[in-house]
Amino acid sequence: MLTIAAISVSCNKGGDGPEPGPPSDEMMDVVVYTTSTETTVAGEEVTYRKICAMTPDGTRKVVLHDGSAFDMKYKDASRAALDPTGKKLVLQGGDHYILEYDLATKQHRTVIDETPGINVDDPSYSPDGGKILYVNWASGDVLETVMLNGTNRTPLTNDDYALGRQNYTPDGTKIVAANWLSWGYLCTFNANGTGGRKILTVSSTESLDCPWPVSNTRIIYAHYEGADKEGLCTIRACNLDGTGSATLGTPGVGDCTLDYLTCNAAGTLIGYYEMSASTNKYVVRQLTATSLGAVVSTTTEGARFRFGRIKKSIFDTAPAMP
C-alpha cells in the first residue's frame, strides 16, 4: 500500500523552560511550472519562459526565474526541478542545454552546453543532489547522468530501451522510467543503470506513461485502454517490481490525456495535467493508500508542472506572479 506520512506536533503550554530559538527555515511543498510571455530585446519581440512556483492549494504563486532578466541563452528554460536542499533549480534550455540556477544568489552555471550527439530532456537531481539525470534523445532515448560541474557524463542505459519520464526513488537506489513514444512498458534500473527490468508491459492496444515513485517501494502511473495514450485513462499504483497493481481513480470525464504526474514528498497529494476535448488544466488532489481524494486546486495557466520542495524563505521573498 502507499505510505502516507504523519506529522506529530507537540506543544509546551507554559512552565519554566528555555526560550524558543529563532524559527527554522523549513522546507515547503510547491508545484514548479513554466509560463510563456514576451518582451522586446534590441527592438525584436522575444518569447521567453518564466519558472514559477505555487502552493499546492493554488493560493500563492511566485516567479522563481524570470528569463527576460538574463542572457538570451536562458530564455528557453522550458523545464525545471528543485534540488534536495530547496535552494537551486536545474533547467532545461531548449533541446541542448542543462543549466543550474541558484535561487539565493541569482546566478547560473552551464552544466551541459550545446554539444554534438546530445539532445537533452527532463533533467532532475539525484536525491543526494550530486548528479543530474536526463534523457539523451540524440542517442536513442537513453538515460544519462552528469555531475553538477558538467564532468563525468555517463550513459546508464543503451538502445535496448527507449525511455523517458525518468525519476529516482526517494533513497536514490533505483530509477523508474517509461517506454518513450510507443508507451508499451515501465522499467526500473539500479542507479548506475544496471539491472534493467520491465516491471509492467501492455499489449499494443494499451498504453503506459508517467511513472512516479511515491516511496522506495511503490509507484503511481497512468494507464490508457487504447494505444498511443488514447481511450479511458486511469491513475494506478503498483509495487516497484510491478506487482500489486490497483486503480486509484479516473481523472477527468471520459477520454483525456494525462501528463506531468507527480506527488508531494509525503505521498498525500497528487498532481497531473489533464487534457481533454473541453479543457486543459492542472489538478492537485488528495491521495490516499487506495484512491484519489478531493480536488485541492486547479489552474489553467502554465505547463510542465512538477512537485518539489523549496526553502520557505526563498518562496516567501520571491516576487508574486503578476
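Q: How many aromatic pairs does a search of the whole structure find?
A: Seven, counted over the whole structure. Keep in mind that this is a predicted model.

Q: What kind of pair do Tyr161 and Phe189 make?
A: Edge-to-face, because the planes stand at 80°, with the ring centres 5.1 Å apart.

Q: Where do Tyr161 and Phe189 lie?
A: Tyr161 is in the loop between strand E11 (154–155) and strand E12 (163–168), while Phe189 belongs to strand E14 (residues 185–190). The two are 28 residues apart in sequence, so the pair ties those parts together.

Q: Is Tyr161 buried or exposed?
A: Buried, at a relative accessible area of 16%.

Q: Which residues form a cluster through ring pairs?
A: Tyr33, Tyr260, Tyr273, Tyr282 and Phe305 are linked that way.

Q: Switching to charges over rings. Which ring does the charged end of Lys198 sit over?
A: The ring of Tyr185, at 4.3 Å from the centre. There is also Lys229, whose charged end sits over the ring of Trp183, 4.2 Å from its centre.

Q: Next, Asp141. Where is it found?
A: In the loop between strand E9 (131–136) and strand E10 (142–147).

Q: How far away is the nearest side chain of opposite charge?
A: That is Arg165, 11 Å away. Asp141 is buried and has no salt bridge.

Q: What is Asp141 in contact with, then, leaving aside neighbours within four places in sequence?
A: Val135, Asn136, Tyr161, Ala162, Leu163 and Trp180. Tyr161 is the residue that pairs edge-to-face with Phe189.

Q: Last topic, confidence. What is the mean pLDDT of the protein?
A: The mean is 90, and 91% of the residues reach 70 or more.

Q: Where is the pLDDT below 50?
A: Over residues 1–23. In the model, that stretch has 20 contacts beyond near neighbours in sequence.

Note on methods:
Residues numbered from 1 in each chain as written. Heavy atoms only, no water. Phe/Tyr/Trp six-rings, centres within 6.5 Å; stacked < 30°, edge-to-face > 60°. Helix = DSSP H or I, 4+ residues; strand = E, 2+ residues; numbered from the N terminus. Buried < 20%, exposed > 50% of the residue type's maximum accessible area, 1.4 Å probe, protein only. Lys NZ or Arg CZ within 6 Å of the ring centre and 35° of its normal. Lys, Arg positive; Asp, Glu negative; His and termini not counted. Salt bridge = Lys/Arg side-chain N within 4 Å of Asp/Glu carboxyl O. Contact = heavy atoms within 4.5 Å. pLDDT = per-residue confidence, 0-100.
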